[in-house]
Amino acid sequence: MREKTSARIIPIAPLGSVKGSGEGKLAFRRPPPLSLYVHIPWCVKKCPYCDFNSHERRGARPLAEEPDDEEDAYVGALIADLESALPLVWGRKVSSIFFGGGTPSLLSWRALDKLLTTIRTLLPILPDAEVTLEANPGTVEADKFAAFRDAGINRLSLGIQSFNAQHLKALGRIHNDLDARRAIEIAARHFDNFNLDLMYGLPGQTLEQAIDDVENALAYAPSHLSCYQLTVEPNTAFAAAPPVLPADDLCADMQDAIESRLTGAGSGAGFTHYETSAFAQAGRQCRHNLNYWHFGDYLGIGAGAHGKLTLHDRVIRQMRWKQPKRYMTEAAESNPVQEESSVDSADLPVEFMMNALRLNQGFDTQLFEERSSLPLIGIESALRQAVEQGLIVRRFGHLAPTDRGRRHLNRLIGMFIAERKS
């Protein structure tokens, strides 16, 4: 359901247990931009391909207006979680808020309004902050979306995945193709900035069907499209009983055709392919996700939420308690963080590159030094190797992956991992 980013989760160990911790060795002149991620763990039904921290909620009321006892308790836990985190982000302004899941649109609008009101009270939110809510087409209602907008949501992300009824059924979605179309129509009436999630490489999908999904999406003039290939992830229903997926060559053809249709000269739809799986109209890039790729900071609250925060002499990562009931119990006791670690200074270049090289336009080398507090010379060997192999282009203080580098991103990142180990 989430607006797919394919972000790698960095393993977390208890604070102080990481050998060679970089604590005390770094000196950040100023922290990077700060985002807030709020995790809503519930779904009406768990999709067989989903490896996110989502849980089917018995008795879920997709179109409820008022919070029930469990929802009220979870919102209270989120608020307690945020309050306990304030000393780490005191005085820092929040540039974006993202409600992910799970299915955040399962929240009653009153619960969301209460949550956003409290967030604004506790944190300084920039006046132009991007505030995104993920929504499942099976939980869409016009009045509820209008209330979400009035509460402060200014960007919507709809998990369409496909307009083909057969493919939606194979994916285990709770909506059908008609629900998808109705949801987009409602979203377009209430939001001028909305994303549509699409998947390709689906069981039994042809190249023509993949492009047809894109054409159907373009008919609704979205400001942003996320197009990503279905992969079978560990610990999912698909991993236990894998479906027959299109061959790798066919999936590559789908990827090429989608990119050409959205960005190509002449026949293109005017989108910019700014990140591995993300396409946007001018000025409509997802600012929250861009902060991830620029190695910015994000405070994550909610069951299983991850966070990255830059302090004056180190970078820390956190993970909240994963199981919703345990999370609510611990948050009420001001103990929402299950695991915390300092990132070893030697790992910061790899982590930076794993994020920034997802950006097709690349980044200025100055950003590397600002966000890692380390000189670029420390990864010079891997950079030279990547340039020599045609995976990176380097000029005038700027680095960017080439077309070949984007196609072989794992190989490219592997060069920096290898240098870290050497």
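Modeller: The protein averages a pLDDT of 91, and 92% of the residues score at least 70. pLDDT is the predictor's confidence in each residue, from 0 to 100. Local features need pLDDT of at least 70, side-chain atom pairs count only at pLDDT 80 or more, and totals for chains, interfaces and linings use all residues. Residues are numbered from 1 along each chain as its sequence is written, and side-chain values use heavy atoms, with hydrogens and water left out.

Colleague: Over which residues is the pLDDT below 50?

Modeller: Where pLDDT is low, the predicted coordinates should not be read in detail. Here that applies to residues 5-24, with pLDDT below 50.

Colleague: At what angle do H11 and H15 pack?

Modeller: Two packed helices are described by the angle between their axes and the distance between the axes. H11 (residues 348-356) and H15 (residues 409-421) pack at about 175 degrees, axes 9 Å apart. So H11 is roughly antiparallel to H15 (angles over 145 degrees; under 35 is roughly parallel, 65 to 115 roughly perpendicular, the rest oblique). Axes are lines fitted to C-alpha atoms, for helices over the stretch in contact, and angles run from 0 to 180 degrees between N-to-C directions. Helices (H or I, at least four residues) and strands (E, at least two) are DSSP runs, numbered from the N terminus.

Colleague: Which residues make the contact?

Modeller: Val 350, Met 353 and Met 354 of H11 meet Ile 413, Phe 416, Ile 417 and Arg 420 of H15. Contact means heavy atoms within 4.5 Å.

Colleague: In what order do the 3 strands of the open sheet lie?

Modeller: Strands of a sheet pair through backbone hydrogen bonds, either parallel or antiparallel. Here the order is E15-E17-E16, with antiparallel pairing (at least two DSSP bridges between two strands). E15 (363-364) and E16 (392-395) are the edge strands. E16 and E17 (residues 398-401) are joined by 4 bridges. Arg 395 stands opposite His 398 in E17.
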